[in-house]
Amino acid sequence: MSSSPTARLYSQLVFGKPVLVIASLLLVVAFFAYHAQNFRLDASADSLLLENDPDLEFSREINARYGARDSVIVAYTPDGELFDRGELERLAALREELLGVERVQSVDSILNVPIFADTPLTGISEDYLTLLDEEVDFDAAREEIMTSPVFQNALLSPDGETAGMQVGFEIDETARGLITRRTELRNLEASGEITPGQQAELQSIEEEYSEYSVLAGDRQHQTIAEIRGILDRYRDGAQIYLGGAPMIADDLVTFVEGDLNNFSIAVVLLIIVALGLIFRRVRWVAMPLICCAVAGTIMVGLLGLMDWRVTVVSSNFISLLLIITISLTVHLTVRYRELRAKRHYSDHDKLLRHSVLSMFRPCLYTALTTAVAFGSLLVSGILPIITFGWMMMMGVATAMIVAFTLFPSIMSMLKKDESEYSTNLKLNLTGMLAKATDKLKANVLVIYALILAFSVIGLGKLRVENSFIDYFRESTEIYQGMRLFDDKLGGTLSFDVIVNLEPAITADTGVDDGFADDFDDGFDDGFDDGFGDSGSDDAYWFTAPKMEQIKAIHEYLDNDSQTGKVLSFGAIVQLAEKLNGNETIDSFLWAILYNRIPETLKETVLTPFISIDDNQARFNVRVIESAPDLNRNELLQRIEAGVEEEFGFSDEQVRLTGILVMYNNVLQSLFQSQILTLGVVMLAIMLMFLTLFRSLSVAILCIIPNAIAAAFVLGIMGWLNIPLDIMTITIAAISVGIGVDNTIHYMHRFKREFPRLGNYRETMYFCHNSIGRAMYFTSMTIVAGFSILALSNFIPTIVFGLLTSLAMLVALTGSLTLLPQLLITFKPLGAEHSTDEEAAATGG
């Protein structure tokens with residue numbers, strides 16, 4: 001850089017006009033600080049979904065067809081007897097308060113379920129009893145609800161001590177309308193049939209939906225906060241928990257925000273302590289922090305300006321920006337101090353220019369390779385992950401620009417640092433690593449071969465899983481609540497099994513031959529044929545064979561050990577048979593029953609599960625999140641294949657959908673795009689090495705420590721049974737991005753010093769005591785700061801902090817042990833030679 005016109009212009013500005021540079025940066029910071037007010041976290045569940053996922057479109061279609069709406073569940077366990085009039089009246093008061101919340105449309109609980117007592121099946125009418133009616137016998141009612149196929153394990157726990165309240169939210173018609181129209185226009189755009197007018201409309205709708213989703217997210221947060229406020233007033237005398245997908249999404253963001261607020265200051269304080277212990281001068285502590293503050297403000301403002309929301313996936317970007325900025329400024333600091341120690345009488349300005357310009361090339365390449373590592377996230381196909389990739393690439397560029405403008409500008413204005421520097425440290429750990437490498441010689445390679453084998457075995461144990469319950473410590477309320485829902489109310493998160501009943505069974509043909517064999521001979525085919533002639537009446541859809549099949553599918557799903565409560569019309573069939581003296585019900589009686597079901601009950605037990613027009617049934621299956629060895633992908637595949645095989649359906653007739661299916665799609669997509677493209681990232685970084693070092697052998701040797709570091713971190717995750725999920729999937733890119741920095745800095749110095757020293761071992765000792773210290777100081781500072789994250793209540797934050805620290809340590813150790821030993825063993829820079837000093841000493 002030292003001779004190009006760009007370098008001359010840079011030097012004139014930064015070293016010649018530092019006040020202008022600082023003033024310009026202050027203006028930029030002020031501009032972005034203003035836009036930082038628009039920086040926000042995205043709490044919506046949609047932020048973690050594949051936007052182009054066909055299952056997402058199908059899910060929205062199913063939700064519209066069956067009137068499915070977002071809901072949360074309240075688990076209410078009183079200290080006393082639940083089926084006590086006073087306790088039930090208190091529960092009724094709670095229900096009324098919840099119904100008073102603005103966006104709450106319904107609250108289903110044991111209070112509004114029908115109590116049939118001894119009513120025969122044909123006696124069901126609109127005038128059914130409920131729990132608070134005077135004539136209801138509480139003991140009998142408790143037994144009835146506890147054994148009800150519909151309400152047990154959903155609105156009442158199997159032990160009869162915990163009541164569940166399903167709080168249904170209003171359907172957001174505005175959001176639904178915008179999404180529907182946006183999907184239509186996107187499909188037209190994808191097929192190339194979109195007109196210019198429609199293109200403009202699409203852009204307008206995208207902007208409108210983006211703005212509206214912020215309002216909807218804030219409103220959802222307020223609604224959940226209001227519900228929590230109401231529940232708090234009833235906690236005296238009862239144990240109350242809140243659950244459900246909207247609450248989990250909201251809590252994830254609350255935990256992330258809490259960690260950002262609580263730990264940001266703690267991380268900065270620990271970094272200050274670490275820098276203070278290393279450099280023992282205020283300017284060397286302040287300089288990295290000022291650069292971090294400027295880079296952080298610019299990035300937060302930029303995200304606010306571009307309306308890029310930070311999701312739970314990208315919530316660590318500030319921490320990573322901190323790492324990159326500190327790394328750059330510490331390298332500049334150490335280089336300056338190193339030159340000051342060697343050249344006591346040199347001019348301050350000259351030393352500063354030399355230190356900054358000599359570090360520009362390696363720092364530029366570390367920035368570029370880090371950007372390449374994060375660039376691998378762009379191919380994921382998942383919007384928040386792609387956004388995270390772009391955030392980090394822009395963050396790397398910002399950190400580079402700030403470090404190489406602000407640092408030298410401020411240093412130019414400061415007086416010469418007169419303190420004495422020594423090249424000898426009391427605790428010289430980098431020197432110790434050099435001695436250890438020298439002593440172990442080729443054994444270093446054997447040790448790393450064993451580490452690689454250990455890592456590969458661990459990689460084989462790595463699994464892709466997304467268990468929300470595992471995101472929280474056992475001591476937290478959300479964990480305890482989810483555990484209670486799993487144990488007593490049939491689970492929290494769910495998926496839907498959608499079954500198209502044609503052509504296996506239709507209202508017109510009754511039952512096909514293969515299915516007829518499963519039933520006894522009590523069905524009168526002649527009756528059914530006659531019954532089907534006037535198929536215009538919806539009642540005729542409810543044939544006995546069809547109801548038996550829906551019940552059989554329901555029981556099949558319910559019997560799986562890893563499923564919780566199954567909600568479907570199959571449970572209604574079971575209840576009807578129970579009320580019919582455990583006798584099967586013929587088609588004629590089903591038609592009568594359909595017309596007799598009270599309208600209020602139809603909305604609860606029929607509309608959400610049966611689509612007569614589409615000849616389709618919906619089965620809502622909850623999953624036990626805390627079940628040991630739960631593999632969601634395997635469960636979903638097993639359920640879909642099992643229903644098809646067990647009941648003779650074709651692949652087109654059975655389809656799974658719902659939030660759990662879409663999260664699973666995201667994970668599988670991430671695994672394929674991230675882990676399998678790690679090789680591509682390594683190749684891209686190797687090309688960067690090739691460009692920088694102009695040697696294939698050096699590039700290959702440099703990639704080895706980085707490959708082992710990434711494999712080791714992922715291998716440790718496998719050994720410790722830490723799954724790859726939406727939160728930890730970026731660790732691979734982070735490991736490579738961080739590790740590459742050390743390799744480049746070390747190799748760049750090694751390549752520059754080797755011709756002067758002529759001996760690989762001597763060059764290793766020299767590099768360990770110069771650039772090695774900068775690498776060590778950077779790594780120790782970051783490890784010190786990030787170790788505090790282990791105190792979080794949010795497991796992904798703990799995992800991120802510890803794995804990032806591990807990645808830093810492994811990358812540092814690899815660059816200071818394995819890399820030099822590879823260089824000594826394979827001699828990629830040519831044969832060793834005598835230097836001029838050695839020749840003079842020996843009389844040569």
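**The sheet and its surroundings**

Guide: Helix α4 (residues 85-99) lies across β1 (71-78), β2, β3 and β4, and runs at about 160 degrees to β2. Helices (H or I, at least four residues) and strands (E, at least two) are DSSP runs, numbered from the N terminus. Angles run from 0 to 180 degrees between N-to-C directions, with axes fitted to C-alpha atoms, for helices over the stretch in contact; contact means heavy atoms within 4.5 Å. The model is predicted, and for this reason local features need pLDDT of at least 70 and side-chain atom pairs count only at pLDDT 80 or more, whereas totals for chains, interfaces and linings use all residues. Residues are numbered from 1 along each chain as its sequence is written, and side-chain values use heavy atoms, with hydrogens and water left out.

The four strands that α4 lies across form an open sheet in the order β2-β3-β1-β4, with antiparallel pairing. Two strands pair if DSSP finds at least two bridges between them. At the edges stand β2 (104-108) and β4 (238-243), each of which pairs on one side only. Direction ignored, neighbouring strands of the sheet are turned by 20 degrees against each other on average. Between β2 and β3 (residues 163-169), which run antiparallel, there are 4 bridges.

Rings of Phe, Tyr and Trp (its six-membered ring) pair if their centres lie within 6.5 Å; planes under 30 degrees apart count as stacked, over 60 as edge-to-face and the rest as tilted. By this rule there are 25 aromatic pairs. In one of them, the ring centres of F255 and F472 are 4.9 Å apart and the planes stand at 65 degrees, so the pair is edge-to-face. Because F255 lies in α8 and F472 in the loop between α14 (443-461) and α15 (477-488), the pair ties together parts that are 217 residues apart in sequence. Both F255 and F472 are buried, a word that means under 20% relative accessible area, with exposed over 50% and partly exposed in between (1.4 Å probe, protein chains only). Ring pairs also link F255, F468, Y471, F472, Y663 and F794 into a cluster.

Two buried polar residues follow. R632 is found in helix α22 (residues 632-647), and its relative accessible area is 5%. Its side chain is joined to that of E465 by a polar contact of 2.7 Å; such a contact is a pair of N or O atoms within 3.5 Å, and within protein one must be able to donate a hydrogen and the other to accept it, while residues adjacent in sequence count only if both atoms are side-chain atoms. Not counting residues up to four places away in sequence, R632 touches E465, N466, S467, E625 and N664.

S568 lies in the loop between β6 (563-567) and α19 (569-579) and is buried at a relative accessible area of 4%. A polar atom of its side chain lies 2.9 Å from the backbone nitrogen of G570.
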